[in-house]
Amino acid sequence: MPSDSTNARKIDRGDAPGGCPISRGADGEWDVSGYAAARAVLRSGSTVQAGLGVETVERMPGSIRRPVLYRDGPEHREHRRQTARFFTPRRVDEHYRGIMRRVTDTQLEKLQRNGRADLSSLSFNLAIEVATAVIGLTNSRPGIQGRLERFFPAEFGKPGFTSLHGLYWVQRQVVNWLGIYLGDVRPAIKARRARRQDDLISHLLDEGCSAAEILGECITFAAAGMVTTREFINLAAWHLFTDDALRERYLAGDEPDRLAVLHELLRLEPVVGHLRRRTTEPVELEQDGEQVTIPAGEVIDIAVTGTNADPAAVGAEPERVCPGRKLSGGAVASGLSFGDGPHKCPGATVAILEADTFLTTLFALPGVRMDTPPQVSMNEAIGGYELRGMVVAIGSRPAA
């Protein structure tokens, strides 16, 4: 049964429903909002990563290996094959579930002790501890949350050397890179040079990666595993606080039922709203039974919010919250929110279980409520949302 929400989205990205699933925009980029076409692009061996700062990475010296996010082809596939063991459902259950529960309890003790708390801060602490366990950043000096907050600010600047603002942004980020290296990455490398552990940094050392290369990988995984998970936990909590029927269904369900709710919310409101690829050879896509050829050297912008609301893939009323909805054409419950193809997010299982662990514990607290809804800002580079200032509370409300 669907929830009572008929227009359930919290985030207004300005995307117009419907429209042509494959078209070339006025800026020369190809816009794809059809699910099947978007999935074909992401799975194509004739496209490579675009956006997400790849232009900056391409200016790196050729002697430095790019982080995995920015690699394609055989080298990328081999890296993903070797590191897949860190993200299997069995490993997530056996190695990370206990960490999720422990950290969740620690964070929610702050709420119980103080009666009020900022949900963004609580969820970010959880995301940090889980991701650092996977990566191997377990020897950090105090203050890792502050260092990461400064590196991933609520309002993003535009880097470059064409203005004073751009120069300031570059200088600030260099300082932030150095802070994370000295405070988090270098201590982890030192510990693992002395004694390898079963984590990503140990694997990278075994591959002969330099400290700079390991730093790049750690920052990439931090963005993917910490920042996006925090945003989704806040988004899902916002939905559950404001939709009584959905919250009751979520809390009454077993784990598979609860995960179905979370996948549906992520389908409806993907954290990353745009995925961009560049063609290296002509790419053939199908639209209304006809072939559309995108030439080599073109940039394709996949509107994930649109693909996830394609009725041909997710059925009728795609903007409603309907966990367990009937899917078609190979679509999955979360749509393309975790991507697809070679660059599909490896930590999908981690993120969803992490969110479920936190939310079930949060909503089990007697009298928990949302006192202040979040403020929404957008990261235009990825079409992503950032939610800050959601205050949750327990106990009786203060007198008016």
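Me: A crossing is right-handed if the near helix is turned clockwise from the far one by less than a right angle, and left-handed if anticlockwise. Which hand does the crossing of H4 and H14 have?
Reply: This is a predicted model, where local features need pLDDT of at least 70 and side-chain atom pairs 80 or more, while totals for chains, interfaces and linings use all residues. Residues are numbered from 1 along each chain, and side-chain values use heavy atoms, without hydrogens or water. Helix H4 (residues 89-114) and helix H14 (residues 348-363), DSSP runs of at least four residues, have axes (lines fitted to C-alpha atoms over the stretch in contact, angles from 0 to 180 degrees) that come within 9 Å and cross at roughly 35°. The crossing is right-handed.

Me: How many nonpolar residues does the contact of H4 with H14 have?
Reply: In H4, Val-92, Tyr-96, Met-100 and Leu-108 are among the residues in contact (heavy atoms within 4.5 Å) with H14, whose side includes Val-350, Leu-353 and Phe-358. Besides four polar and four charged residues (Asp, Glu, Lys and Arg), the nonpolar count is ten.

Me: Which side chain makes a polar contact with that of Gln-145?
Reply: Gln-145 is found in helix H6 (residues 144-151). Beyond four places in sequence, Gln-145 touches Ser-121, Phe-124, Asn-125 and Ile-128. The polar contact (donor and acceptor N or O atoms within 3.5 Å), at 3.3 Å, is with Asn-125.

Me: Which helix gives the largest share of the lining of the second largest cavity?
Reply: This cavity (grid points, 1 Å apart, where a 1.4 Å probe fits but cannot get out) has a volume of about 50 Å³. Its lining (an atom within 4 Å of a point) includes Leu-148, Ile-180, Asp-184 and Met-226, and divides into eight nonpolar, no polar and one charged. H6, helix H7 (164-194) and helix H9 (211-242) each give two or more residues. The largest share, four residues, comes from H9.

Conventions:
On a 1 Å grid over the protein atoms alone, a cavity is a set of points where a 1.4 Å probe fits but cannot get out, and a pocket is an open set with protein on both sides within 12 Å along at least five of seven lines; lining residues have an atom within 4 Å of a point. Grid points are joined across faces, edges and corners, and a volume is the space filled by probe spheres set on the points.
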